[in-house]
Amino acid sequence: MMATESGVVVKSVSGVFTVLTDNGQKYVCFAPKKIRYNDLDVIVGDKVTFDLLRHGKGVVSEVLPRRNKLARPEIANVDVCFVVLACEPEPDLYLCDKVLINCFQEHIEPVIVVNKTDMSTETIENVAANYGKIADIVGVSALKGDISALNKYLAKGKVACFAGQSAVGKTSLLNAILPEAKGETGGISEKSGRGVHTTRHSSLYKAGDGFLADTCGFSLCDLQGIRSDELRMYLDDFVNIAYNCRYPSCTHTVEPDCAVKAAVAAGELNEARYRRYVEEFNELKEAEKNRY
Ligand SMILES: Nc1nc2c(ncn2[C@@H]2O[C@H](COP(=O)(O)OP(=O)(O)O)[C@@H](O)[C@H]2O)c(=O)[nH]1
Ligand SMILES: [Mg+2]
Ligand SMILES: [Zn+2]
């Protein structure tokens, strides 16, 4: 009788998948065409069942439903996204807004990680003023190896990834958390000169009790498939106030008796965050106009 096992795909190279089972065994698996062409090409992060062949090899029999999927590079079932900011380069909060919106859309828990706290801790205050109501914020220093604040997010079976602008220290953090992966992750650089569209295979590494992806969440960085009039639904701090707006469909821009605008005026909601929202709303609206 053939034994059936289940686990997480931690590596994928040209149709050969490495699957890690709950009890820590690794198996080299192949996926039959039936599965791979059924719109379910197996990707890293997938939870799969497989039939065990001999010599530690297996054949994937089922891909379990995905809770989410990030593109470029592909990774499935992401639980946590470390959104990295630093005092240098100056934080791009528009980018941070977008990553957070995508996280909420994909049901990924965002954790804002302020790196380079060895240089300055001022950034944390500004970040807290903007995002303290909607995400955990932790300070770290990859340089000093001061990264223990990340451990609690690497919980059992959870998959975490990094996002954030260039040079904030994503690769340095990854190397600090996973010294054993250093050789391999050293080659992963946005500055490799091979262009952004070079296909890279992401891998998952055991980190704490969970997994860490060795690639960055690039696909979390643009707002695709979100309409201007639904943007507000992905800002939890706005949502918590919006039931007091006069109109249920209030976009918090031009409508009268808007509770969000009132909260901004009263200093209860960060004004810079609100202004960015209005800009992002107008950008989406403009793009919609041009489309139809
Ligand atoms: N002072 C300081 N510099 C850091 C820290 N982490 C990274 N860096 C530096 O910031 C630069 C960019 O780091 P890198 O990891 O390549 O950023 P990435 O582009 O986000 O992957 C490098 O020169 C790092 O040495 C830190 O915690 N403190
Ligand atoms: Mg990097
Ligand atoms: Zn409103």
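The legends below describe close-up views of one predicted model.

Residues are numbered from 1 along each chain as its sequence is written, and chains are lettered from A and ligands numbered from 1 in the order in which they are written. Because the model is predicted, local features need pLDDT of at least 70 and side-chain atom pairs count only at pLDDT 80 or more, while totals for chains, interfaces and linings use all residues.

**View 1. Overall composition of the protein.** The secondary structure comprises eight helices and 13 strands; helices (H or I, at least four residues) and strands (E, at least two) are DSSP runs, numbered from the N terminus. Of the 292 residues, 37% count as buried. A residue is buried if 20 or more other C-beta atoms lie within 10 Å of its own, exposed if 12 or fewer, and partly exposed in between, with C-beta atoms placed from the backbone. Among contacts between residues at least 6 apart in sequence, 65% join residues at least 24 apart; two residues are in contact if their C-beta atoms, placed from the backbone, lie within 7 Å.

**View 2. The five-stranded barrel.** Five strands close into a barrel in the order S1-S2-S3-S5-S4, with mixed pairing. The twist averages 55 degrees from one strand to the next; axes are lines fitted to C-alpha atoms, for helices over the stretch in contact, and angles run from 0 to 180 degrees between N-to-C directions. Two strands pair if DSSP finds at least two bridges between them. Strand S1 (residues 4-13) runs antiparallel to strand S4 (residues 47-52), joined by five bridges, and Gly-7 stands opposite Val-48 in S4. S1 is also antiparallel to strand S2 (residues 16-21), through six bridges, with Lys-11 opposite Thr-18 in S2. Two residues lie between S1 and S2 in their hairpin, where Ser-14 in the turn has a positive phi of about 40 degrees. Strand S3 (residues 26-30) and strand S5 (residues 57-63) run parallel and share three bridges; Val-28 stands opposite Lys-57 in S5.

**View 3. The open six-stranded sheet.** Six strands form an open sheet in the order S10-S9-S8-S11-S13-S12, again with mixed pairing. Strand S10 (136-139) and strand S12 (204-207) stand at the edges, each with a single partner strand, so one side of each is left without a neighbour in the sheet. The twist averages 30 degrees from one strand to the next. S9 and S10 pair in the parallel sense over four bridges, and Val-114 stands opposite Gly-139 in S10. H2 packs on this sheet, touching S8, S9 and S11, and its direction makes about 175 degrees with that of S8.

**View 4. Helix H2 and its cover.** Helix H2 (residues 93-105) has 13 residues and reaches 18 Å from its first C-alpha to its last, close to the 18 Å expected at 1.5 Å a residue; the expected span is 1.5 Å times one less than the number of residues. Its buried residues include Cys-96, Val-99, Leu-100 and Cys-103. What covers the buried residues of H2 includes strand S8 (80-86), strand S9 (109-115), strand S11 (159-163) and helix H8 (271-291). Just after H2, His-107 takes a positive phi of about 60 degrees.

**View 5. Phe-162 in strand S11.** Phe-162 lies in strand S11 and is buried, with 23 other C-beta atoms within 10 Å. The C-alpha atoms of Phe-162 and Cys-216, 54 residues apart along the chain, are separated by 4.8 Å.
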